[in-house]
Amino acid sequence: MTVLDARALNRATLARQHLLERGDISVVEAVAHLCGLQAQEPQEPFTGLWSRLSGFKPGQLDDALTGRTVVRTHLMRRTVHLVTADDALAWRARHDTMLRGRVRGTYRRELAGIDVDEVAAAGRAVMADQRPRTMAELVQALEDRWPGPPRRALGELLVAALIPMAQLPPRGLWHRTAGVRNLPLGTWLERDIDPLPADDTDPVGQQLLRRYLAAYGPAATADLRAWCGLAGLPAAIKAAREELVVFRDERGRELLDLPDAPRPHPDTPAPVRFLPAFDNAILGYHDRSRIIDAAHLGLSVAGHRTVLVDGRVTATWTTRDHHLRISPLRPLTAPEQEAVHTEAQDLISFLDKDIEHIHLDLDTDTDTEN
């Protein structure tokens with residue numbers, strides 16, 4: 001069985017994430033291929049798409065959100081994602097049990113004794129008037145019936161688990177600041193959520209598996225579970241296994257993949273790329289060693305924006321006071337510094353935030369500012 005080292009896995013990930021070469025595809029096609037973009041920080045997906053798509057303009061994502069072909073909703077890992085309308089409707093029922101379990105696990109004591117089906121029915125009745133509401137407004141409409149739980153716990157149960165919700169624009173539009181207004185997903189998209197098929201081969205799980213491998217593979221079942229938050233999809237994996245190819249990583253883990261998916265040569269050059277906070281190219285795995293060193297794993301969950309150099313997380317970046325500051329995690333060679341600076345110049349043009357200086361932190365003798 002072929003063993004794939006970390007560099008081979010890195011190049012496979014970069015190719016499938018459109019981080020080796022920017023893709024010439026539409027925003028909706030990109031969001032679909034990536035199985036969504038993590039989006040609890042509303043502006044971050046714009047940078048994620050800019051790093052992946054040739055000629056990307058922020059208005060293209062704005063149009064997809066206002067045109068309802070892309071939607072903000074709680075899905076994988078109970079995290080707000082941008083996903084296509086088709087995927088939101090196709091996948092939501094399969095995530096329902098996980099979403100409920102995660103909210104109730106977070107607020108186990110606060111929600112003890114609550115009949116969640118009764119709360120769900122009451123919440124749907126309130127939202128039946130098709131009026132967008134904040135979480136606080138929805139809770140206020142129900143708190144006379146459930147005065148015990150804290151408002152936050154009851155609100156998250158309703159909007160993140162019990163009622164499939166869309167977060168409506170202008171939330172998530174380019175350079176816009178707006179609070180969360182919720183509307184049931186089916187109401188916003190004017191289509192019903194797909195029911196979960198009564199099939200013990202888990203056809204929706206099989207689709208999730210294939211789509212995940214197309215964007216993240218080769219990968220272990222633990223990686224799939226870490227990405228979606230579902231419990232391993234054993235029936236789906238069993239049903240689909242014959243059509244997949246199998247590799248091993250250097251630790252001996254079994255890696256599954258689609259037969260014809262790209263697996264570039266490990267020596268394929270990788271360009272500098274600036275990633276947003278909470279990018280799934282990093283977070284979409286249980287074993288993130290293919291793209292980030294163990295010493296820096298905390299960056300991937302703490303909301304730090306990162307820079308890929310030779311395909312690996314090598315720096316963080318921030319914007320403040322008209323500066324783009326880049327802080328390397330290891331010494332950069334002169335060619336690497338030049339490549340980072342060149343990509344940074346393109347980034348500040350894209351961000352359109354009156355950034356006047358690029359500050360590359362090196363050491364006290366060689367810090368550069370342009």
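Visitor: Why is aspartate 310 called partly exposed?
Guide: Its relative accessible area is 32%. Under 20% counts as buried, over 50% as exposed and the range in between as partly exposed (1.4 Å probe, protein chains only), so 32% is partly exposed. The model is predicted: local features need pLDDT of at least 70 and side-chain atom pairs pLDDT 80 or more, while totals for chains, interfaces and linings use all residues. Residues are numbered from 1 along each chain as its sequence is written, and side-chain values use heavy atoms, without hydrogens and water.

Visitor: What makes the contact of arginine 7 and aspartate 310 a salt bridge?
Guide: The N to O distance between their side chains is 3.1 Å. A salt bridge needs a side-chain nitrogen of Lys or Arg within 4 Å of a carboxyl oxygen of Asp or Glu, so the pair qualifies.

Visitor: Which parts of the chain does this pair link?
Guide: Arginine 7 is in helix 1 (residues 6-16) and aspartate 310 in the loop between strand 10 (305-309) and strand 11 (312-320), 303 residues apart. Helices (H or I, at least four residues) and strands (E, at least two) are DSSP runs, numbered from the N terminus.

Visitor: How do you know that glutamate 156 is buried?
Guide: Its relative accessibility is 11%, and that is under the limit for buried, so the label holds. Glutamate 156 also forms a salt bridge with arginine 78, with closest N and O atoms 3.0 Å apart.
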